[in-house]
Amino acid sequence: MPAFTYTALSQQGKEQKGVLEGDNARQIREQLRTQLLTPIEVTAVSEQAASLKTSLFDRTHKKLKPKELSVITRQLATLIAAGMPLAECLQTAAEQNDKPYIKKIIMGVRASVLEGHSFADGLEKFPYAFPMIYRATIGAGEHSGKLDTVLERLADFTEKQHYTRQKITQALVYPILMTVVSLGIVAFLLTYVVPRMINVFTQTGQQLPGVTQVLLFISEAVKSYGIYGLIILIIAIFVFRTLIKRNTNFRHKIHHLLLRLPIIGNAIKTINTARFARSFGILFTATVPVLDAMHASNRLVSSLPIQGAISSAINKVREGGVINAALRETSYFPPMSIHLIASGESSGQLDKMLERAADNQERDVAMLVDRVLTLFEPALILVMGAVVLFVVLAVMLPIFSLDQFAG
């Protein structure tokens, strides 16, 4: 039975939105009237799904957040493992979510399933809500009859992604806050405090020390050209983001430059290779052919140089090479992961070894983030201490000179 979204008015004149099932829009309007609601708009969910490709509004609002996707996946995995029919599982998952757009998406998928389409086909109607790897894995799980197992693995995968992203975000909050506050304090000192204090000494006609003159020059530059510098910075960021999105060669050069940086490059390598190993393992468990699984997993790699190297490795596997040797030649995968993959190939447990490799690399990422932040915080304190010391010296030296002059 198709699903419809509606907008209606209550007897008190309040607007209400929701999702109902019915044979057609007319039946939905009758249901609303029996609930003492005045229907304003009734639209089939499948029609809204079809409009996703042309509506920018839908593109921005239909994309599920990592946390939302992980919750939905875990709910479906639990319900299907309990032996419930797929349509009933989707109905229950929709009822568990309070957000209208999530409920609309799930009911749209359910409507497609009730019409006789597969689960994966229902997900295809919402390409901006469900990632490509998600849809491909569900399709492979349905084809192999292992949908419950695949959903469990997907639930673990999405939850780990959400946890890693959340941990990195939480870890960055304090340093970013410290940086913003510090820059604000320095700007306030240079713009308002320092000029007034230095003005007292310039009125006496005495020769200012070199440090004070440098601070006075910086202060005047910030006051006179600070707003222009900020505008130029905003324009530069906008141009940079535009080039990154639209110019593949420029993006490739930037990605290659980032990979050469000492700490950032190592983090990018580890995150991308772990993502590849994790998704490859999930698809391999779902009995997706090796080459197809590698191609699909490679699309999740965000670094273009690493993506190109893995594409070369896939070609070598297609020509008869072993997976671990092909990935070793990319020089991006750590030796531990290569040994685990080699062990999995020889023992017939490639999916388990890929999962271990991904776990090992994700732990490395977490340790790297902790180590960088541990070093960043004291470094930021030292930099701010040096700035404060510079300001204090620039202000105090004229005072000492004034005392000597008076003496």
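User: How many of the 15 residues of helix H6 are buried?
Analyst: Eleven of the 15 are buried, and H6 is mostly covered. Note that the model is predicted. For reading burial, the cut-off is a relative accessible area under 20%. The buried set in H6 includes Ile 102, Ile 105, Ile 106, Met 107, Val 109 and Val 113. Lys 104, Arg 110 and Ser 112 of H6 are buried too.

User: What length does H6 reach, and what is expected for it?
Analyst: H6 covers residues 100-114 and reaches 21 Å from its first C-alpha to its last. That is close to the 21 Å expected at 1.5 Å a residue. Just after the helix, Gly 116 has a positive phi of about 105°.

User: Which residues touch the most other members of the largest nonpolar core?
Analyst: The general idea comes first. In soluble globular proteins, nonpolar side chains tend to be buried together. Here the largest nonpolar core has 63 residues, and the members touching the most others are Phe 119, Phe 130, Ile 138 and Leu 327. A separate core of ten residues lies apart from it, with Met 178, Met 384, Ala 394 and Val 395 among them.

User: What is Phe 130 in contact with, leaving aside its neighbours within four places in sequence?
Analyst: Phe 130 is in contact with Leu 64, Leu 69, Ile 105, Val 109, Leu 123 and Arg 135.

User: Where does the structure have a nonpolar surface patch, and which residues make it?
Analyst: One such patch covers about 1200 Å². Its residues include Tyr 225, Ile 227, Tyr 228, Leu 230, Ile 231, Phe 238 and Leu 243. Tyr 228 belongs to helix H10, residues 210-246. For reading a helix of the α type, there are 3.6 residues a turn, so residues three or four places apart point the same way.

User: How many salt bridges does a search of the whole structure find?
Analyst: The search finds nine. To count, a side-chain nitrogen of Lys or Arg must lie within 4 Å of a carboxyl oxygen of Asp or Glu. In one of them the side chains of Arg 74 and Glu 159 meet at 2.9 Å, N to O. Arg 74 lies in helix H4 (residues 66-81) and Glu 159 in helix H9 (residues 147-202), so this pair ties together parts 85 residues apart in sequence.

User: Which residue forms a salt bridge with Arg 153?
Analyst: The partner is Glu 355, with the closest N and O atoms 3.7 Å apart. Arg 153 is in helix H9 and Glu 355 in helix H17 (residues 350-406), so the bridge ties together parts 202 residues apart in sequence. Arg 153 is buried, with a relative accessible area of 17%, whereas Glu 355 counts as partly exposed at 27%.

User: At what N to O distance do the side chains of Asp 359 and Arg 278 meet?
Analyst: They meet in a salt bridge at 2.4 Å. Asp 359 is in helix H17 and Arg 278 in helix H12 (residues 262-285), and this pair links distant parts of the chain, 81 residues apart. Arg 278 is buried, with a relative accessible area of 5%.

User: Which residue other than glycine has a positive phi near 70°?
Analyst: Most residues other than glycine have a negative phi. Ser 331 has the positive value near 70°. Ser 331 sits in the loop between helix H15 (323-328) and helix H16 (335-347), and counts as exposed because its relative accessibility is 56%. Leu 36 also has a positive phi, of about 60°, although it is not a glycine. Leu 36 lies in the loop between helix H1 (25-34) and strand E3 (38-44), and is exposed at 52% relative accessible area.

User: What does Leu 9 contact, leaving aside its neighbours within four places in sequence?
Analyst: Leu 9 is in strand E1, residues 3-9. Its contacts are Lys 14, Glu 15, Leu 36, Leu 37, Thr 38 and Ile 40. Leu 9 is partly exposed, with a relative accessible area of 29%. The C-alpha atoms of Leu 9 and Phe 400 are separated by 76 Å.

Technical notes:
Residues are numbered from 1 along each chain as its sequence is written. This is a predicted model: local features need pLDDT of at least 70, side-chain atom pairs count only at pLDDT 80 or more; totals for chains, interfaces and linings use all residues. Side-chain values use heavy atoms; hydrogens and water are left out. Patches are made of residues with over 30% relative accessible area and no salt bridge: like charges are joined within 9 Å, nonpolar side chains (Val, Leu, Ile, Met, Phe, Trp, Tyr) within 5 Å. Accessible areas come from the Shrake-Rupley method with a 1.4 Å probe; for residues, only the protein chains shown count as cover. Helices (H or I, at least four residues) and strands (E, at least two) are DSSP runs, numbered from the N terminus. A nonpolar core is a set of buried Ala, Val, Leu, Ile, Met, Phe, Trp, Tyr and Cys residues joined through side-chain atoms within 4.5 Å. Buried means under 20% relative accessible area, exposed over 50%, partly exposed in between (1.4 Å probe, protein chains only). Contact means heavy atoms within 4.5 Å. The expected span of a helix is 1.5 Å times one less than its number of residues.
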